[in-house]
Amino acid sequence: MTQWQGKKWYCYGTSMTDNTTLLNGRHCGHYSKHLAQLAGLEEHNFGKAGSGIIPKCHDADNVKSRCMRLSDGKAEADLITIDVIPNDNVKGELGQVTDWSDETFCGNLNQIIAYLLANTKATVAILTASRSRYNNDDHSMQYTPDSEKVKNWMAWEDAVITICRMHGIQCWNGASEAGLGYYRVSGDNTFIQDQIHLTDKGGEVLAKYYWGKLQNLYPTD
C-alpha cells in the first residue's frame, strides 16, 4: 500500500507515454504500466504518438488540446503528468521561459500548467523520458553526449525545469537522471528499441526513477 494506492492518474504526452500505438509490431510506450503497478495507481492514458504541445506543429487533437480540456474526466484526477520535448523540438521553436504565446514550446507549457493547476485538484508533474541516441534517417549520425543534438535537447530540458520551478511543480527529468545515457543504451537494444523508444526493460528503469520521485509526493486529498 502506498499513498497513491487507487488514486487516479491521468498521463499525457508523446509516444513515450502512448501505450496503444505499435511501432514495428511492438508498443512504443512502456513506463506507464510499470509506474501504475509500483504506485498502485489507476491509469488513464492519453498519450499520443507523434504529437506535442505546440498546436501549429501538430493536428487539432494534440497533446496541448488533450491537456486543456475537462471532458476526459481529469477534474477528478489525483495525479497528472505530461511527457514533453520529443516532436516539438524537431518541428518547433523553444522560446523564452516567460513566454505565454501559442507559437513556442515555452509559451504552451506555461499555458498548460496554469490550466491544470487552476482547473484540477491534481498533483502535476512534467516529465522527460529518454533522449535520441542517433538520427533515425541516418543511423551513422550518433547523438553522443557532446553532440549539438544533445546540447540543444539540454537547453529544452533546462527551460522545462525553470518553468516547473516558476509554477511550483516538479520536473521528473528522466532524460538526465534515470541512468539511460548514451553509453548505457548505444551498444544494443536492451533499453531502447530504435532511436528513442524504450523497450519494456527501459520502461521499467524509467518507471522506477519516476516512482522514486512520486514516493515523496502526496495527493492533495
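Reader: What is a polar contact here?
Author: A polar contact is a pair of N or O atoms within 3.5 Å; within protein, one must be able to donate a hydrogen and the other to accept it, and residues adjacent in sequence count only if both atoms are side-chain atoms. This is a predicted model, in which local features need pLDDT of at least 70 and side-chain atom pairs count only at pLDDT 80 or more, while totals for chains, interfaces and linings use all residues. Residues are numbered from 1 along each chain as its sequence is written, and side-chain values use heavy atoms, with hydrogens and water left out.

Reader: OK. Which side chain reaches in at the start of H4?
Author: That of Thr104: one of its side-chain oxygens comes to within 3.0 Å of the backbone nitrogen of Gly107. The H and E names are DSSP runs numbered from the N terminus: helices (H or I) of at least four residues, strands (E) of at least two.

Reader: How many residues does H4 have, and how far does it reach?
Author: Helix H4 covers residues 105–119, which is 15 residues, and spans 21 Å from first C-alpha to last. That is close to the expected 21 Å, where the expected span is 1.5 Å times one less than the number of residues.

Reader: Is H4 mostly covered or exposed?
Author: Mostly covered, with 11 of the 15 residues buried. Buried means under 20% relative accessible area, exposed over 50%, and partly exposed in between, using a 1.4 Å probe and protein chains only. Among the buried ones are Phe105, Asn108, Ile112 and Tyr115.

Reader: What do they pack against?
Author: Helices H2 (63–67), H3 (88–91) and H5 (148–167), plus strands E5 (79–83) and E6 (123–128). Contact here means heavy atoms within 4.5 Å.

Reader: What's in the loop between H4 and E6?
Author: Thr120 is found there. Thr120 counts as buried because its relative accessible area is 13%. Its side chain reaches the backbone oxygen of Leu116 at 2.7 Å and the backbone nitrogen of Ala122 at 3.3 Å. Leaving aside neighbours within four places in sequence, Thr120 touches Leu70, Lys74, Ala75 and Ile80.

Reader: And E6, why is it called largely enclosed?
Author: Because 6 of the 6 residues of E6 are buried. Thr123, Ala125 and Leu127 point one way, and Val124, Ile126 and Thr128 the other. In a regular strand the side chains alternate between the two faces of the sheet.

Reader: Which strands does E6 pair with?
Author: E5 and E6 pair in parallel over 5 bridges, with Thr123 as the partner of Leu79. E6 also runs parallel to strand E9 (residues 170–173), joined by 4 bridges; there, Ile126 has Cys171 as its partner. Two strands pair if DSSP finds at least two bridges between them.

Reader: Switching topic. How many aromatic pairs are there?
Author: The structure holds 8. One of them is Trp9 with Tyr31, tilted, at 6.5 Å centre to centre and 50° between the planes. Trp9 sits in strand E1 (residues 8–13) and Tyr31 in helix H1 (residues 31–39), 22 residues apart. Rings of Phe, Tyr and Trp (its six-membered ring) pair if their centres lie within 6.5 Å; planes under 30 degrees apart count as stacked, over 60 as edge-to-face and the rest as tilted.

Reader: Is Trp9 buried or exposed?
Author: Buried, at 0% relative accessibility. Tyr31 is buried too, at 1%.

Reader: Why is the pair of Tyr31 and Tyr210 edge-to-face?
Author: Because their planes lie at 80°, with the centres 5.2 Å apart. Tyr210 is in helix H8 (residues 200–214), 179 residues from Tyr31.

Reader: Which residues make up the aromatic cluster?
Author: Trp9, Tyr31, Trp172, Tyr209 and Tyr210 form one cluster.
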